[in-house]
Each structure stands twice: as C-alpha cells, then as structure tokens.
Amino acid sequence: MVIADHRNLDKEMETRAESFVETSQELKAPFADDEVKTLQQSWGEVKYITARMVMDRLDEALTPVGWTDRYVEMSDGSVQCSLSLYFLGWGWLTRCDVGSPQGSEPMKAAYSDALKRAAVKFGIGRYLYADTPSSASSASSAVAAMRAMT
C-alpha cells in the first residue's frame with residue numbers, strides 16, 4: 001500500500017501556485033508610459049497597446065515557445081483568436097476573443113484586435129481599463145484561488 005506524503009504534495013502545490021502567480025504578475029505588469037499609445041476619440045482619449053507589444057510581453061514572460069495563438073475567420077468578417085499560454089506545473093491555459101475588421105487594413109486590424117483582446121484575459125494591458133481591479137488585488141485573488149485548489 002502506498003501512502004501519500006501530504007506535506008510533499010502541499011509543498012509542490014504551493015510551489016506551482018507561486019510560479020503561476022509570478023508569471024501572471026509579469027504578464028500584468030504595466031507598460032512604460034512612453035510605450036502606451038493614445039487615440040483621440042470624440043468622447044476623450046483612449047489608451048491602448050499594440051499587438052507587437054503583446055507578443056513582446058508574452059516572449060519576455062514565457063519565452064517564444066511558451067505561448068501559441070490560433071485564428072479562425074468568422075462568417076461576419078471578424079476573427080477569433082485562441083491564445084494559449086504554458087504555465088510551469090499547470091500546463092496550457094487558453095483564452096479566446098474576437099476582433100473586428102476596421103480601417104484601411106480590415107483583416108490585419110481584426111487579427112491584431114483579436115490577439116489583444118485575448119491577451120487582456122490573461123491580464124496584459126488590462127490596467128488600461130478603468131473598470132478593472134488593480135494588479136495587487138488580482139494577484140492576491142489568484143493566490144487564494146490556487147490555495148483553495150490544494
């Protein structure tokens with residue numbers, strides 16, 4: 001009969017949770033003010049990041065082999081992005097969202113928009129939206145959620 005050593009299992013789960021939170025915090029880190037773009041709209045300024053900034057952040061936090069993206073063109077012209085990130089100790093986690101065709105290069109815009117919107121679901125650039133909780137409260141919520149899983 002094999003008896004599990006729960007102390008070792010608890011330590012492993014705690015290490016996994018710490019790694020997950022650390023990577024999540026890297027993804028959520030604010031961009032330098034001079035990197036964030038501003039678009040003037042009739043209702044005011046909109047702050048945003050580019051798709052390249054998202055890709056650079058993913059490369060920095062996860063390395064180029066730690067993430068992948070897939071796209072599906074929808075019948076209405078929009079594009080769905082499935083963004084998958086690899087978290088050590090946890091495996092692949094996927095988030096999806098849709099971008100809309102706009103401007104002079106509608107398909108390029110749809111692909112870029114879809115990637116950025118999927119990345120926001122992992123916390124990348126989410127702080128640019130005023131209606132979301134701060135990174136600190138999100139990080140503590142993530143730790144609590146990970147501990148609840150053990």
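Q: How many aromatic pairs does the structure hold?
A: There are 5 aromatic pairs in it. Keep in mind that this is a predicted model.

Q: Take Phe 20 and Phe 87. How far apart are the ring centres, and what kind of pair is that?
A: The centres of those two rings are 4.7 Å apart. Their planes meet at 45 degrees, so Phe 20 and Phe 87 make a tilted pair.

Q: And where do Phe 20 and Phe 87 sit in the chain?
A: Phe 20 is in helix α1, which covers residues 6–28, and Phe 87 is in strand β4, residues 79–87.

Q: Phe 20 and Phe 87, buried or exposed?
A: Phe 20 is buried, and Phe 87 is too. For Phe 87 the relative accessible area is 3%.

Q: What about Phe 87 and Phe 122, how are those rings arranged?
A: Their centres are 6.4 Å apart and the planes are at 35 degrees, so that pair is tilted as well.

Q: Which parts does that pair tie together?
A: Phe 87 is in strand β4, while Phe 122 is in the loop between α3 (106–120) and α4 (135–149). The pair therefore ties together parts that are 35 residues apart in sequence. Phe 122 counts as buried, at 8% relative accessibility.

Q: Which residues do the ring pairs link into a cluster?
A: Phe 20, Phe 87, Trp 90 and Phe 122.

Q: OK, on to charges. What sits over the ring of Phe 31?
A: The charged end of Arg 57, 4.0 Å from the ring centre.

Q: And which residue lies over the face of Phe 122?
A: That's Arg 95, at 5.8 Å from the centre of the ring. Phe 122 is also one of the residues in the ring cluster.

Q: Switching to cysteines. How many disulfides does the structure hold?
A: It holds 0.

Q: How accessible is Cys 81?
A: Cys 81 has a relative accessible area of 0%, so it's buried.

Q: And Cys 96?
A: Cys 96 is partly exposed, with a relative accessible area of 30%.

Technical notes: Residues numbered from 1 in each chain as written. Predicted model: local features only at pLDDT ≥ 70, side-chain atom pairs only at ≥ 80, totals over all residues. Heavy atoms only, no water. Phe/Tyr/Trp six-rings, centres within 6.5 Å; stacked < 30°, edge-to-face > 60°. Helix = DSSP H or I, 4+ residues; strand = E, 2+ residues; numbered from the N terminus. Buried < 20%, exposed > 50% of the residue type's maximum accessible area, 1.4 Å probe, protein only. Lys NZ or Arg CZ within 6 Å of the ring centre and 35° of its normal. Disulfide = S-S within 2.5 Å.
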